[in-house]
Amino acid sequence: ASTLKEVLAAQIPEKQASLLKLKKEHGDVGLGMVTIDQVIGGSRGIKTMMWETSNLDPEEGIRFRGLTIPDCQKKLPGYQKGGEPTPEALIWLLLTSEVPTKEQADMLTADLHARSKLPAHIEPLIRSFPKDMHPMTQFAAAVAAMQTDSKFAVAYHTVNKKELWQHAYEDILNVFARLPEIAALIYRCRYADGQVKKDLSLDYSGNFCRMLGFTDPTFDELMRLYMVIHSDHEGGNASAHATHLVGSTLSDPYLSYAAGLCALAGPLHGLANQEVLGWILQLQAEFKKAGKPVNKDTIEEFTLATLNSGKVIPGYGHAVLRKTDPRYEAQRQFALKHLPDDPLFHIVSTVYEVVPGVLTKLGKVKNPWPNVDAHSGVLLCHYGFTQHDYYTVLFGVSRAMGALSQLFWDRALGLPLERPKSVTPEFLWSQATKA
Ligand code: FCX
C-alpha cells in the first residue's frame, strides 16, 4: 500500500493545476457583497478563505471531506471492528480526502509512534511551569518551544519554495505525534505523580489514555470519538483560522499551531468545555445546599440567574450552526449507550430540554441549541476524568488534526500571505451616508 506521503505527493500537481485554472479563468467571479454589519460584527458569513478539509452547514453541521460524523463512524476503520473510528484514520481522510484501509491507518499509527519522542528540553520545561499555570497556557508554550525542531523553519532558508511542503509535512506529522505526550505530561504533573507511562503497542488514542493514567477500554473508545469529532470545523473558527493566518506568514507549523491553541483557550471557543462543567457542578452544588431538586423548573431558574448576571450559557449557541450540533448528538448517543444512568448526564439532558427555550425567549440569540462543548465534560467525568480546567487541552490535541491538515495544503498549494483590508470608522460612516 502507498504511504500517506506518497498519496499526497501524487495529488499535489493536479490540485495545483486545478487551483491555477480556477484563478486564471474565474478569478473575477464575485461571491457576494460585504455589509457594514459584517465588518463590525466579526466578519460573520463573509466568504474569505478556502478550506479543503471540512465544511460546516448551518443546519446539518460538519462534514469532514464530505462525510458526516455518522458516515465516519460507519466508514473509517476503528481500533476494533465496529468500534469508534480512530483519529489516525481521520487524519488520513482529512489530508487525502480518501477513506484509508485498516492497513493504511495502522501504518500511520506506527509512523506517529516512531515520531513521538519529544525534544530533550520539553519535559523539563513542562516540569518547571508553576503548578497553577493554566493547562492551555502550558500547552501553547510547550508547542511553541518544540519549534527548535522545525524542519520547515530550516528549509525556508535552504530549499526552493516548491519543496517547502515536504518539510511542512514532516513538522505536521511530528506535531500530531508529540501532542499526546505533551498533554499527558501537563496532566500528570498538575494532578498526579508526574509520571507518564507509554504503551506503543496500542493506537494513538489508547496510548494517550495510558499516558494520562486511564486504563478502561471504553474510555479509549470515548477518546477515539472525542479526537475525531473535535478535529475540524471548517476554516473560520478562531483556532483553525489563527493557525492558517500565522502559517500564511510562513511561520512554521509549531508556531502556527501554538497560535491556534491560544485562540482555542478563549471561553467563547474551546474553553467553553471547561466552563460548561463548571456551570453544571455549580448548579449541582447550589441545589444540594438549598435542598432543591434538579428538574426543569429549577434549571430554568438557574439559567435565568446566569443570564441576569450578564453571563452567557456555556455550551449553547454558535456563530454558524443553527441546529443542535451533530457533535453534541454523537456524544449523547455515546452516553445513552454507555452511561444512561449517570446523574450528570441526566442534568445535561434536562438542561437540553430547558435552555433552548430560555435563549429563544431572549430574542437575540441566533442559535439556542447546544454545541459540542455542552456534552463532552460529563462523559469525561463519568470515567473519573474530573479536572475540568484541563478539558480544553484534549480539544487542542484533536483540533491540530484539522487545522494542520489544512496547513499542509496551504503550503502544498503555495497559498499567499493572508492580509484582509481593514477600514476606519470614518470610512464606514462615509459609505453609510452615501447609501
Ligand atoms: N448565552 C447567552 N447569550 C448568548 C448565547 C448564550 N449561549 N449565545 C449567544 N448569545 C448572545 C450573544 O452574547 C449576543 O448578545 P449581545 O448582542 O448582547 O452581545 C447575542 O446573543 C447574539 O449572538 P449570536 O449572533 O447568536 O452569537 P455569536 O455568533 O455572536 O456568538 C458564540 C457565538 C458561540 C460565541 C455564542 O453563542 C456564545 O457565547 N456561546 C456560549 C459560549 C460557547 O458555548 N462557546 C463554544 C462555541 C463552539 F462550539 C466552540 O468554539 O467550541
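Student: Is H269 buried, exposed or partly exposed, and how do I read that off the coordinates?

Tutor: Count C-beta atoms around the residue's own: 20 or more within 10 Å means buried, 12 or fewer means exposed, and anything in between is partly exposed. Keep in mind that this is a predicted model. H269 has 19 C-beta neighbours inside 10 Å, so H269 goes down as partly exposed.

Student: Where does H269 sit along the chain, and what does H269 touch?

Tutor: Look at the loop linking α13 (253-264) to α14 (272-290); that's where you'll find H269. Skipping residues up to four places away in sequence, H269 touches N237, A238, S239, A263 and L264.

Student: Which residues are closest to the ligand?

Tutor: V312, G317, A319, K366 and N371 are the closest, out of 22 residues that surround the ligand. Sort that shell by class and you get 11 nonpolar, 8 polar and 3 charged residues.

Student: How many residues are in the largest nonpolar core, and which touch the most other members?

Tutor: There are 112 residues, and the ones touching the most other members are L90, F139, V143, F176, I182, L261 and L404. Helix α9 (residues 164-191) supplies the largest share, 15 residues. At least three core residues come from each of domain 1 (104-266 + 389-412) and domain 2 (272-382). Take L404: leaving out residues up to four places away in sequence, L404 touches I172, V175, F176, T243, P253 and Y257.

Student: How many residues of domain 1 are in contact with domain 2?

Tutor: On the domain 1 side there are 10, meeting 12 residues of domain 2. The elements giving two or more residues to that side of domain 1 are α11 (217-229) and α19 (391-412). α11 gives the most, with 5 residues. By class, that side has 6 nonpolar, 3 polar and 1 charged residues. As for the C-alpha centres of domain 1 and domain 2, they're 29 Å apart.

Key:
Residues are numbered from 1 along each chain as its sequence is written. This is a predicted model: local features need pLDDT of at least 70, side-chain atom pairs count only at pLDDT 80 or more; totals for chains, interfaces and linings use all residues. A residue is near a molecule or strand if its C-beta atom, placed from the backbone, lies within 6 Å of it. Ala, Val, Leu, Ile, Met, Phe, Trp, Tyr, Cys and Pro count as nonpolar, Asp, Glu, Lys and Arg as charged, and the others, Gly among them, as polar. Helices (H or I, at least four residues) and strands (E, at least two) are DSSP runs, numbered from the N terminus. Two residues are in contact if their C-beta atoms, placed from the backbone, lie within 7 Å. A nonpolar core is a set of buried Ala, Val, Leu, Ile, Met, Phe, Trp, Tyr and Cys residues joined through C-beta atoms within 7 Å. Domain bounds come from an automatic or database domain assignment.
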